[in-house]
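Visitor: Please walk me through the cavities and the helix packing in this one.

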Amino acid sequence: MKRKQLDGTPWAAASTLIVTIMVLPLLGVLSSFFTPATKAWTHIRDHLLVTYIRDSLLLVVTSVGAGVILASALAWFVTAYNFRGRRFVAAALVLPLAIPPYIGGYTYTAMLSYTGAIQVFLRNHLGWAPPAGFFDIQNHIGAAFIFTIFLFPYIYLVVRAFLDRQAGQLIEASTMLGANPLRTYWHVVAPLTRNAVIAGATLMAFEVLSDYGLVSYFGLNVFTTAVFTSWLGYRDLTSALRLAAILLLFVTFLSAGEKALRGSRSHSYSSSSVIPLHRKQLRGLHKVGVLLLCWGVLALGLFIPMAQMIYWAVLSIPLIRLDGLFHDFLTSFTLAFAGALITTVCALLVSQYQRVWPSWFSRLLARLTVMGYSVPSTVIALSILTIAVWVSQASGWNPLSGPAIVVLAYTIRYLAASMQSVESGLERIGMRFHESSRLLGRGPFVTTLRIDIPMIHTAIIGGFLLAFIDMVKELPLVLILRPFNLSTLSTRVFEYAYDEKIPESSLASLLIVFLSMIPIVVVMIIQSRQTRMGAFQYE
């Protein structure tokens, strides 16, 4: 027993160091509550804080509410019914996740503007000139639409995965008892998918709260724009940190509320035999309605914005510097690759420590790593910024002078994305093979390297790709922490949009979508293979 504890000491030290690096900046933000109030903060507290809270809550509730309804309906339709193109639709509904909401917002705003394709078509071909403001989406409703159409896959993926694994006994029993499809859904399917919906909705809420590119372009008074305004507009870092601290407390309560809503109840089957859900053939108006919904969502979330960006990219090639664009592409890829690699290694270390040496301490460390994903990027960036300023003043070395600070922020923010995939992979293989290797005299490091990693390589690849996707699309972290000479695809798109040059930003936007879409397709292929091999599991 003592030998085993000694073997776990390096793993405990590494895991503790990883979690400490992640948590310290957040504690630095919370310490802003104990600093003296400034005039700017007094003004914000007395006149603006209520507006920030109200508008942030309104945006989250409307976006997530619409996302839950849309994603749940789509997941149910592609799982329970058969229609032409169902397999393609079921896979393609994940792809809107490759388009960051700020890029989708820029694209739709330009398309719906007075000189955009839609109003030009209406004037020139239908003879109708829409009144001013008729197609204006730069408001809360428009932002909620953009967030819904590009972030609903967070909920769709979780709910569909649950329904795919779920047995069909209860649904078939409900049908045999005379319940119609609508009643079956509300009384059987909805309660079963409750926890899955809450989990996906929480992820979507975190993304809405973390966004800066879309809400700043739309001019919404939410917390992320307030933090930037306090920092850059009022030149008051203390006020920005206090707003970030309030946002941190808000997402902490949101995370706790998610756990409370999910509760301790779970839905499982005592029998290991699973009867797959028998898909029904759609006919008549039901078929038309489902096809319109599925293909309409794909059109709005994928085909239309992609087609518009490709058209703009072709027209704007002579107007942009391709050499700088290629450099930004390499920078985005390199930073995301390095961040995803470090994140995956850290996730493996912490997960393996919890698995091989289970204790309250190892479980606490594993849970703390999930905290970063629930904290908006703006909060993490300002947390790291304050520590970097303190280090610079104390030692004379400026941590903000190189891109490593951005990679560190990526790791803190997206460690949970890799953790989830790696932990699920380790849970599937169990401890039998690891313990057999240890009995043969191999140490924990060699066993992890030669036994565990080869057995969970698909989960490790999936965790790497999930983190890579999020890092490629990331904007607030890079805007706040980048050195003066560093530019990525996301910052280039933001700068073009800020200068009202949306067509010129389209080529960089397409490159972001390209970098995000390929990993999404790879993850979908991996998950499909795991589903087909679901009958074989290591005990």
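**Cavities and helix packing**

Guide: Helix H2 gives the most to the lining of the second largest cavity, with 3 residues. Helices are DSSP runs of H or I, at least four residues, numbered from the N terminus. This is a predicted model, where local features need pLDDT of at least 70 and side-chain atom pairs 80 or more, while totals for chains, interfaces and linings use all residues. Residues are numbered from 1 along each chain, and side-chain values use heavy atoms, without hydrogens or water.

Visitor: Which residues line the second largest cavity?

Guide: Ser56, Leu59, Val60, Val208, Leu209, Val222, Phe223, Thr224 and Leu247. A cavity is a set of points on a 1 Å grid over the protein atoms alone where a 1.4 Å probe fits but cannot get out, and lining residues have an atom within 4 Å of a point. H2, H10 and helix H12 (223-233) each supply at least two of the lining residues.

Visitor: And how much space lies in the second largest cavity?

Guide: About 60 Å³, counted as the space filled by probe spheres set on the points. Its lining has 7 nonpolar, 2 polar and no charged residues. Asp, Glu, Lys and Arg count as charged, Ala, Val, Leu, Ile, Met, Phe, Trp, Tyr, Cys and Pro as nonpolar, the others as polar.

Visitor: How many cavities of 30 Å³ or more?

Guide: There are 5. The largest cavity has a volume of about 210 Å³ and is lined by 18 residues. Pro101, Glu207, Asp211, Lys473 and Glu474 lie nearest its centre. Helix H4 (101-112), helix H10 (194-210), helix H19 (404-429) and helix H22 (457-473) each give two or more residues to this lining.

Visitor: What's the lining of the largest cavity by class?

Guide: 9 nonpolar, 3 polar and 6 charged residues.

Visitor: On to packing. At what angle do H2 and H6 pack?

Guide: About 40°, with the axes of helix H2 (residues 39-80) and helix H6 (residues 140-151) 9 Å apart. Axes are fitted to C-alpha atoms over the stretch in contact, and angles run from 0 to 180 degrees.

Visitor: Which residues make the contact?

Guide: On H2, Asp55, Leu58, Leu59, Thr62, Ser63, Ala66, Gly67 and Leu70. On H6, His140, Ala143, Ala144, Phe147, Thr148 and Ile149. Contact means heavy atoms within 4.5 Å. The H2 contact with H6 has 8 nonpolar, 5 polar and 1 charged residues.

Visitor: How do the axes of H4 and H6 cross?

Guide: At roughly 125°, coming within 9 Å. That makes H4 oblique to H6, and the crossing is right-handed. Pro101, Gly104, Gly105 and Tyr108 in H4 meet Ile146, Phe147, Phe150 and Leu151 in H6. This contact of H4 with H6 has 6 nonpolar, 2 polar and no charged residues.

Conventions:
1 Å grid on protein atoms, 1.4 Å probe; cavity = no way out; pocket = protein on both sides within 12 Å on 5 of 7 lines; lining within 4 Å. Parallel < 35°, antiparallel > 145°, perpendicular 65-115°, else oblique. Left-handed = near helix turned anticlockwise from the far one by under 90°.
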